[in-house]
Amino acid sequence: MLEVRNLTKHYGALRAVEDLSFEVRAGEVLGLLGPNGSGKSTTVKILTGLLKPTGGSVHVDGTDVLANPQAYKASVGYVPEEPHLYSYLTGPEYLQLIGRLRSVPEPVLDEKIDRFLHLLGIYDDRYQTLSSYSKGMRQKILIAAALLHNPRIVVLDEPFSGLDVTAARILKAFVRAIAADGKIVVFSSHVLEVVEQVCSRVVILKDGRTVGHDSVANLRATLALPSLDAVFAALVTEENVDERSQALVEAMKAR
Amino acid sequence: MTASVPDRSPFHVLWRAFFDQFFVNESVTSDQHLHQTIVWILVVVLVPGAFLLIMLLPEFEEAVIHARLGLAPPTVVDDLLAWIALSLTTYSMVTVGFLTVMAWNALTFDRRDAMVLGSLPLRSRTILGAKLAALATFVGIAALSISAVNAVMFGLVTSNRLGAVVFLTHVVSMFVANLGASVFIFAAIVALRGVVTLAGGPWLVAALGPPLQFLFIVFTLCLVVLSPAVWQISFVTASLTDWMPPAWFVGVFEGLVDPRGRSIRHSNSQPTCDAPSWGRRSRSRALYWCRLRNSTGRCALPSLRPPCQARSEPRT
């Protein structure tokens, strides 16, 4: 089980995350929801070991991850929001690099890479450098890179960004399947309907703090609202959406 | 049954990845292209050095013949020897500098490295060590190849008829001086990159790369195209050359060629009218002449000495 206890992250005077606590059990998909600047990405980066928290802790099966960060990172697969990869490499070369750095045995690695490329529909583009890949193709490479070593914990930050409808549908089902296989999955996204379809529970963040934490069904029932979108609007959105959109139209037309 | 491929350590994998970054760009698509790029760079880098020597050495041979015939003072030979050493050291420095600034973006870590490697189970010291090893390999290949070619060619020509010991001394001395100069400029540029990253951030680093690359291309072209004519220009005087980093490493060369050269240097403290003042401090200048004279078994001191040189103490 992944436990986040009183997690806090400050950047100088800015409090990006404040006293955040939740837990994710094996077989569960936890959704992180929130507007821009709510602390989702910071939380994800702490969960993947990219950032150290200012306060609080992250435990896996009762062990603080900072006690052995390398062992923890070895058990995590991370799909970042931004497609940072070595774009001078081809897809297979990049996956080979990541697989080797994760100590995946060579024969297994080559076979896995071929299978991932086939299944993700990018096998025919294997000789092209990543710089020539579309955003969706890069996203598929990032997904493959995160899963090559069969991680126990999977952290996905906007994983469907740029994917076509078919690929997104396949991967939604895939996320549910890996959870059913006993993985711990953390899923951060802006797309409410995807979160609603994929996640068993959600943590809704606003200004670095938790404003809602429960299953989607319970949140809807508690707030007597018909959808996650309505729940999100009730918990996070303070402004009148119609009013704001009309103001944008006026700004666009201004001469 | 297929043979199992030995797994490589993360350090080795990272070292290779960082090393490749010095040569790759978005159009390089495979190891084969990478090797072609490396070969192309080496050829481009080494050919101007040979070109430089071909331009400089006839002048040197001519000076030797003139000195033997008594048509020119012996200091001309020593000064030319020092000029060639300075030229080759400058060439090594500029060329390695050129290669280094061409790999400007790969000299230190960037955000992409942090995002790609940060979530992997790698120790900081593994990443840092691999980066340093890649930098060392890069400068090693560049500096060793340039220095070795320069040193051997320099030794072959300047130790003509002086025996194996002098040849080896010249080769080793020139090699060490060139290597030192190359490593110095490489370290200076890497340090500059690090300081700029810390002080100005990624924007300044990105902005500084192209001007530096332009500058070093200009340096390289000027050195090859204008040398040796550049040494005839009056503005190339001691005041200009003394503070130039290559001159520091010519000092290393001179010290190695003649470790006991202080007495020679002191005895040469009087100015000569035909040598630039930088050359007057050359420890090797008189030495070469004396070796040449001893090896031929005849005293070939020129009959016509310029008046100012006549004031000097007798050499050797």
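**Notebook: helices and rings in chain B**

I began with two helices and found that α1(B) and α5(B) are oblique to each other. The model is predicted, and I kept that in mind throughout.

I looked up the numbers behind that word. Helix α1 covers residues 10–21 of chain B, and helix α5 covers residues 124–158. Their axes come within 8 Å and cross at roughly 45°. Angles from 65 to 115 would count as roughly perpendicular, and those under 35 degrees as roughly parallel. The pair is therefore called oblique. I also noted the hand of the crossing of α1(B) and α5(B): right-handed.

Next I listed who makes the contact. On α1(B) I found B:Pro10, B:Phe11, B:Leu14, B:Trp15, B:Phe18, B:Phe19 and B:Gln21. On α5(B) the partners include B:Gly129, B:Ala130, B:Ala133, B:Ala134 and B:Phe138. B:Lys131 of α5(B) is in the contact too.

I then followed the rings. Which residues do ring pairs link into a cluster? They are B:Trp15, B:Phe19, B:Phe22, B:Phe138 and B:Phe186.

How many aromatic pairs does the structure hold over all chains? I noted 10. One that I checked is B:Phe184 with B:Trp248. Their ring centres are 5.5 Å apart, with 75° between the planes. Planes over 60 degrees apart count as edge-to-face, so this pair is edge-to-face. The pair links distant parts of the chain. B:Phe184 sits in helix α6 (residues 164–226), B:Trp248 in helix α9 (residues 245–257), and 64 residues separate them.

B:Phe184 has 31% relative accessibility, so I wrote it down as partly exposed. B:Trp248 has 44%, so it also counts as partly exposed.

I checked charges over rings next. B:Lys131 lies over the face of B:Phe109, at 5.6 Å from the ring centre. B:Arg193 lies over the face of B:Trp104, with 5.6 Å to the ring centre.

Last, I stepped back to the whole of chain B. I counted 13 helices and zero strands. Chain B has 316 residues, and 50% of them count as buried. I also looked at contacts between residues at least 6 apart in sequence. Of these, 80% join residues at least 24 apart.

Technical notes:
Residues are numbered from 1 along each chain as its sequence is written. Chains are lettered from A and ligands numbered from 1 in the order in which they are written. This is a predicted model: local features need pLDDT of at least 70, side-chain atom pairs count only at pLDDT 80 or more; totals for chains, interfaces and linings use all residues. Side-chain values use heavy atoms; hydrogens and water are left out. Rings of Phe, Tyr and Trp (its six-membered ring) pair if their centres lie within 6.5 Å; planes under 30 degrees apart count as stacked, over 60 as edge-to-face and the rest as tilted. Helices (H or I, at least four residues) and strands (E, at least two) are DSSP runs, numbered from the N terminus. Buried means under 20% relative accessible area, exposed over 50%, partly exposed in between (1.4 Å probe, protein chains only). A charge sits over a ring if NZ of Lys or CZ of Arg is within 6 Å of the ring centre and within 35 degrees of the ring normal. Axes are lines fitted to C-alpha atoms, for helices over the stretch in contact, and angles run from 0 to 180 degrees between N-to-C directions. Angles under 35 degrees count as roughly parallel, over 145 as roughly antiparallel, 65 to 115 as roughly perpendicular and the rest as oblique. A crossing is left-handed if the near helix is turned anticlockwise from the far one by less than a right angle, and right-handed if clockwise. Contact means heavy atoms within 4.5 Å.
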